[in-house]
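Colleague: I have a structure to go through with you. Could we begin by looking at it together?

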Amino acid sequence: MRLNSKNWKSRLAAGLLSGMMVLSAGGCTHPLERFTTSFLDVFDTASTIVGYAPDQQTFNEQSGAYHDMLERYNQLYDIYNEYDGLSNLKTINDNAGIAPVEVDQEIIDLLQFGKEMYEFSDGRVNICFGSVLEIWHDYREDGLANPDEAELPPQELLEQAAEHTDINALIIDEQASTVYLEDPEMRLDVGAIAKGYAVARATEAIAETGMENAAFSIGGNVSAIGWKEGKEGNPWVIGLENPDLTAGDYLLTVSISDLSLVTSGNYQRYYTVDGKKYHHIIDPDTLMPANYMQAVSVLTTDSGFADGLSTMLFLMPVEEGLELVEEMDGVEALWVEMDGTVVTSSGFDEYIND
Amino acid sequence: MIQRQALEKKKSFGRRDLILLLAVLVIGLIGIVILYTRPAALNGEVEVAVDGEVVMTLPLSEDTEVTIEGVDGGENLLVIQDGTAKIESASCPDGICVRHYAISRDGESIICLPNRVVVTIRGGEKGDVDAVV
């Protein structure tokens, strides 16, 4: 009995001690702090980086390096602006039918990926669709600036432009590091893949700076590496925006680690003509905005593939896309149909938080 | 024998042990309370940045209306009400910021790309979401 009582006391003491050790490990000796930064100057979108680092300076250096990488990709893949001493996609477009342009390897790699995506998507994702997208872009910009005078592009104009979208006229010479558009009317537009591709490359490279636990949110592209708080097994929580932006909360949240999530949707970039919304993802068959769904989100490791695939899925009926995703390994997707119904591939649900 | 009995008596659970136990428990409880409630203080702030520069910081707890001067003469009307912040109206063509729901949790933000305005909640109620797509 007395022996028991002593035992009980030492057990209690041991319990209290270990309890205190757990508490102090969780509350005090933890070396990582959470930091956040935002910027607006890449890929015409808002970007946020959340990361865990030992101190502010380390985080600033790491997130700064990430930003600088994206800034470089943004300049290389820009089709609207020129930069001093830099050959970019605009240079290639401006030299269509004139001359091959010598470019950096990052451009060659992106365009090769674009060709792969074209094959994979049976032509739905086409980086040589710029002549058509340019028309939509101009009409959208005008319509946003002067909503009362907003109009749709004439079908005839779109059809003429669509004759200059043959990806075989994109000539890539790996040996000479040159790119040439044989068709003088053809234009590159890498909007469907460039952001995701750049995020994928930057996220791969950031490990060199020692950044191990971070979530990069670049427009509709999120890539999360490592763990929240740097604690193994503690995934990042990503909110999926509700296509109905007035709904007041996320559609749902998912928990991920070392994965990318990319959404293509009709609710962010659009303009209104006669009370009807026209968004920016154009169906190559109809030359009009695709109308199969409100949004589709793709979950997979490579953010570039996620970006291209989300565009591809946005351009096909939900059932067809679902069938395709179910056949693929390491890819899950979630669709929001026109009436708001949510459809998920069989493996997506395990990422969804209750 | 008597000595041994006294020794054993000392070893048993006595009044002093109880006081010590209670003291340890109370100190532990106070520690837990301090550790886990510290960040939950209701002092969230609304940080407004234009083109990357923080131009104002407002308490989330005080209802107010402020016009944010964005770039190129653009304007966003920020309304703080009942512990939430939203953009009531704006000069930008796309209106994405106006359609965005009211924000209140740490790290949530509303962004107006044309006016280069970013409204972010700092501190206050912890948000559980790290990023949004």
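Modeller: We shall take a few residues one at a time, keeping in mind that this is a predicted model.

Colleague: What is the phi of Asp258(A), roughly?

Modeller: Asp258(A) is not a glycine, yet its phi is positive, at about 50°.

Colleague: And where in chain A is Asp258(A) found?

Modeller: Asp258(A) lies in the loop that joins β9 (252–256) to β10 (259–265) in chain A.

Colleague: Why does Asp258(A) count as partly exposed?

Modeller: Asp258(A) counts as partly exposed because it has 13 C-beta neighbours inside 10 Å. A residue is called exposed at 12 or fewer and buried at 20 or more, and partly exposed in between.

Colleague: Now Leu287(A): where is its place in chain A?

Modeller: Leu287(A) sits in the loop between β12 (276–279) and β13 (295–300) of chain A. Leu287(A) has a positive phi of about 65°, although it is not a glycine. With 18 other C-beta atoms within 10 Å, Leu287(A) is partly exposed.

Colleague: Changing topic, which helix holds Gln75(A)?

Modeller: Gln75(A) belongs to helix α2 of chain A, which covers residues 56–76. Gln75(A) is partly exposed because 16 C-beta neighbours lie inside 10 Å.

Colleague: Which residues does Gln75(A) touch, leaving aside those up to four places away in sequence?

Modeller: On that basis, Gln75(A) touches Tyr83(A), Leu86(A) and Asn88(A).

Colleague: And how many Å apart in space are Gln75(A) and Glu185(A)?

Modeller: From C-alpha to C-alpha, Gln75(A) and Glu185(A) are 23 Å apart, with a separation of 110 residues in sequence.

Note on methods
Residues numbered from 1 in each chain as written. Chains lettered and ligands numbered in written order. Predicted model: local features only at pLDDT ≥ 70, side-chain atom pairs only at ≥ 80, totals over all residues. Helix = DSSP H or I, 4+ residues; strand = E, 2+ residues; numbered from the N terminus. Contact = placed C-beta atoms within 7 Å.
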